[in-house]
Amino acid sequence: MAAFNPELSQALAQKLRALHSPGNPVIFTNIWDAPSASLVLKHEKTKALATASYAVAASAGLEDDELTLEDNLIAIRRIRARMAKEGKAESIPLTCDLQDGYGEHLEECIEKVLELGAVGCNLEDSKTVNGKTALISPEEHVERIKTVVKIAKAKGVDDFVVNARTDSVLLGGTLQEAIDRGRLYLEAGACTVFVWGGLKRGLRDEEVRVLVRELNGRVNVICRKGEGMLSVKEIVNLGVARISMGPALWRAGMSAIESELGRLLDT
């Protein structure tokens, strides 16, 4: 793999940041390994790549909260190698789901993903210990965002893109709490705020409208299949800056394998 090139990374970071346009959002069909990256790279509408930690973990036989920094780095390294092999490492930006930043290893984490050529990350404001997930204080998360931005700038990547995820709604908080946290995260240097409502709840269209209004469109919404869930087109029309799919492609792939197994073996 090529050595870290700060000029190239900064150019890719600027490209990634520019794609986050309220009302004309970047759409991520999240990947988890080299083969999924290869497929997404081949699609003519792909403008950038983003990983999904749940799928990265699942493909390694792990639960999401079991994914270590090293496990994540292995996946990122392989994805970058695939991008280079297909001649896309210098033209397509990559942003990575880094969960909560791996606690006290945050600085090491950001240093290493930068060296691998990633130019953005997801950073969430909750942590899971012994199977229990809890929010960290907004002040602590602000400092972690500032740390990420500071390290990236020190490496010459001033426009490194932080997508700050808040799990306040997921963990029973109000939408206003998510807005309050989101404002702090944007002020700290985040590019967008990802409000995660959970697998069952999601976010309703009116909630997304409020988020867009209160956070000036600098919002990431996940698109999920299911009754009552918002479609990509509906989310675009609400004025967000970023749409992601999470582990949707991984789930679809596993479902296809299950169906094929049934066709082949259930005779």
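Colleague: How does the lining of the second largest pocket divide by class?

Modeller: A lining can be read by sorting its residues: Ala, Val, Leu, Ile, Met, Phe, Trp, Tyr, Cys and Pro count as nonpolar, Asp, Glu, Lys and Arg as charged, and the others, Gly among them, as polar. In this predicted model, the lining of the second largest pocket has ten nonpolar, five polar and two charged residues. Local features require pLDDT of at least 70 and side-chain atom pairs pLDDT 80 or more, while totals for chains, interfaces and linings use all residues. Residues are numbered from 1 along each chain, and side-chain values use heavy atoms, without hydrogens and water.

Colleague: What may be said of the largest pocket, its volume and its lining?

Modeller: The largest pocket contains about 1200 Å³ of space. Ser53, Tyr54, Asp64, Arg165 and Trp196 are the closest to its centre, out of 44 lining residues. Among the elements that give two or more residues to this lining are helix H3 (53-59), strand E7 (161-166) and helix H10 (248-265). By class, the lining of the largest pocket has 17 nonpolar, 14 polar and 13 charged residues.

Colleague: How many salt bridges does the whole structure have, and which residue pairs with arginine 17?

Modeller: Side chains of opposite charge can pair when their charged atoms come close. The whole structure has 18 salt bridges (a side-chain nitrogen of Lys or Arg within 4 Å of a carboxyl oxygen of Asp or Glu). One joins arginine 17 to aspartate 159, with 3.4 Å between the closest N and O atoms.

Colleague: Where in the chain do arginine 17 and aspartate 159 lie?

Modeller: Arginine 17 belongs to helix H1 (residues 6-19), whereas aspartate 159 sits in the loop between helix H6 (138-154) and E7. The two residues are 142 residues apart, and the pair thus links distant parts of the chain.

Definitions and conventions. On a 1 Å grid over the protein atoms alone, a cavity is a set of points where a 1.4 Å probe fits but cannot get out, and a pocket is an open set with protein on both sides within 12 Å along at least five of seven lines; lining residues have an atom within 4 Å of a point. Grid points are joined across faces, edges and corners, and a volume is the space filled by probe spheres set on the points. Helices (H or I, at least four residues) and strands (E, at least two) are DSSP runs, numbered from the N terminus.
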